[in-house]
Amino acid sequence: MDSLINAAALALASGDALGALDRVALREDAPALALRGIAMAQLGDFDRAKLLLRRAARAFSPKEAVARARCVVAEAEIALVSRDLGWPAKALDAARTALEKHGDRLNAAHAGHLKVRRLLLIGRLDEAEHVLAGLDPAPLPPAARAAHELAVAGIAMRQLRTRPARAALEWARHAARIAGIPGLVAEVESASQALETPAARLIVQGTERPLLLEEVEALQGAPGLVVDAFRYAVRADRTTVSLASRPVLFALARTLAEAWPGDVSRGELVARAFGGKHADESHRARLRVEIGRLRAELRALAGISATKQGFRLAPRHARAVLVLARPIEERHAAVLALLADGEAWSSSALALALGTGQRSVQRALEPLAGAGKVQSFGHGRARRWMTPPVAGFTTTLLLPAPLPND
């Protein structure tokens, strides 16, 4: 490696993309193309960066397997940042294997961290945890150690384990400061802020208050009957009844829980569960049927009694009824939660992360755009969607279970 290439690589490692370009901007050899690609990625020109990295990969000889693999890893990182979640993950696995085989453990670890971050984005926590468990953070330099701890914290927060998350973020903050990379320090601070902003709302007897992630964790073992609007479930003690596939029953359960210890009129139950403005005889008949089904589902946890006006929830053993709700109620909350990271997403990437069809995502984006909650740029397959984060609230995707698609 000549002195200019070495100097450009050191500049990139410290986050000085312009300094790296000053040294290799006019060179067309493979190492220079690769460094120029990484520099352009740091400056935000992802399309140009991908083109340069692909040219570099072709320019390296077949014997330069490590250099080719590094180009693949760099392109994978660009795909992740630009939310191209459909980028072939097998190519990253092959590059990681090649790097490990040739003793480049640092870049192999970086490839592993990229895989973990992608798995987190698409909600595959178990796989992400398994990959992360195979990465040893001890020999990593500060920047890579910060990335490792950020991944640890991301998994812990989504699993509602705030103490390990705080510990990992402290390690990440320390490593980022040693690395001296401003962007990395900012990323750690942004992740830390998620623990200090409301992640949910608690509704009890008609009153509500915001909850931090730590308080949501504490609520998991709290006494009482909990109606969980994130998991679409009702639980008490160690018994959980999932209503994720029964949205009408969950709407009835939540409405009754919010009114506890009072009752709820039949008209309000019809409006909340069926969307009807007036409770006619057909609505009343359907309501009786659905209330009967809800009684059967919750028989171990609570009873439902008829009153003069409507129905009342009566927990069997719990002394209180609690409703755990999203920080902001929105029909397409899952889409907004993903876009709240400030990155530009394609509709295909949103569909992959949400585990739903691309057309369903497009149908959700249309009313959001009409309401000014999201904006797009580009056309056709290059179209991207984004929105600024909602001030004062953390993303609902920090909570552990996948959110139902509306």
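## A quick tour of a predicted protein model

Let's start at helix H2 (residues 17–24), where Ala17, Gly19, Ala20, Leu21 and Val24 are buried. Those buried residues pack against helix H1 (3–13) and helix H3 (30–42). Keep in mind as you look around that this is a predicted model.

**The whole protein**

- You're looking at 406 residues, and 47% of them count as buried.
- The protein has 18 helices and 11 strands.
- Taken along the principal axes, the C-alpha atoms fill a box of roughly 85 × 45 × 35 Å.
- Take the contacts between residues at least 6 apart in sequence: 56% of these join residues at least 24 apart.
- The accessible surface comes to about 20100 Å², and carbon and sulfur atoms account for 54% of it.
- On the charge side, there are 55 positive and 42 negative side chains, with the centres of the two sets 6 Å apart.

**Two nonpolar cores**

- The largest nonpolar core holds 43 residues, and those touching the most other members are Leu85, Val116, Val335, Leu339, Trp345, Leu350 and Leu365.
- Several helices give two or more residues to this core, including helix H5 (65–81), helix H7 (105–121), helix H16 (333–339), helix H17 (347–354) and helix H18 (358–370).
- Which helix gives the most to this core? That's H7, with seven residues.
- Zoom in on Val335: leaving out residues up to four places away in sequence, Val335 touches Leu350, Leu354, Ala364, Leu365 and Leu368.
- There's also a second, separate core of 35 residues, and among its members are Ala251, Ile291, Leu301 and Ala325.

- E3 pairs with strand E9 (residues 321–325) in the parallel sense, over four bridges. In that pairing, Val227 stands opposite Val323.
- E3 is also joined to E4 by three bridges, and these two strands run antiparallel. Here Val226 has Arg235 as its bridge partner.
- E3 and E4 make a hairpin with four residues between them.
- Next along, strand E4 (residues 233–236) pairs with strand E5 (residues 239–242) in the antiparallel sense, over four bridges. Ala236 is the residue opposite Thr239 in E5.
- E4 and E5 form a hairpin as well, with two residues between them, and Asp237 in the turn has a positive phi of about 55°.

- Some background first: most residues other than glycine have a negative phi, and most peptide bonds are trans.
- You'll find Tyr232 in the loop between E3 and E4.
- Is Tyr232 buried or exposed? Tyr232 counts as buried because its relative accessible area is 16%, and the cut-off for buried is under 20%.
- Arg83 has a positive phi too, near 60°, and lies in the loop between H5 and H6.
- Arg83 is in a loop and has a charged side chain, yet it counts as buried because its relative accessibility is 9%.
- What kind of peptide bond joins Trp260 and Pro261, cis or trans? It's a cis bond, with omega at about 10°.
- Pro261 sits in the loop between helix H13 (247–259) and strand E6 (264–265).

- Ala344 is found in the loop between H16 and H17.
- At 17% relative accessibility, Ala344 falls under the 20% cut-off, so it counts as buried.
- Which residues is Ala344 in contact with, leaving aside its neighbours within four places in sequence? They are Ser82, Arg83, Phe377, Arg384, Trp385 and Met386.
- Ala344 and Ser61 are 283 residues apart in sequence, and their C-alpha atoms are 35 Å apart in space.

Conventions: Residues numbered from 1 in each chain as written. Predicted model: local features only at pLDDT ≥ 70, side-chain atom pairs only at ≥ 80, totals over all residues. Heavy atoms only, no water. Buried < 20%, exposed > 50% of the residue type's maximum accessible area, 1.4 Å probe, protein only. Contact = heavy atoms within 4.5 Å. Areas by Shrake-Rupley, 256 points an atom, 1.4 Å probe, with all protein chains shown as cover. Charge placed at Lys NZ, Arg CZ, Asp CG, Glu CD. Pairing = 2+ DSSP bridges. Core = buried A, V, L, I, M, F, W, Y, C linked by side-chain atoms within 4.5 Å.
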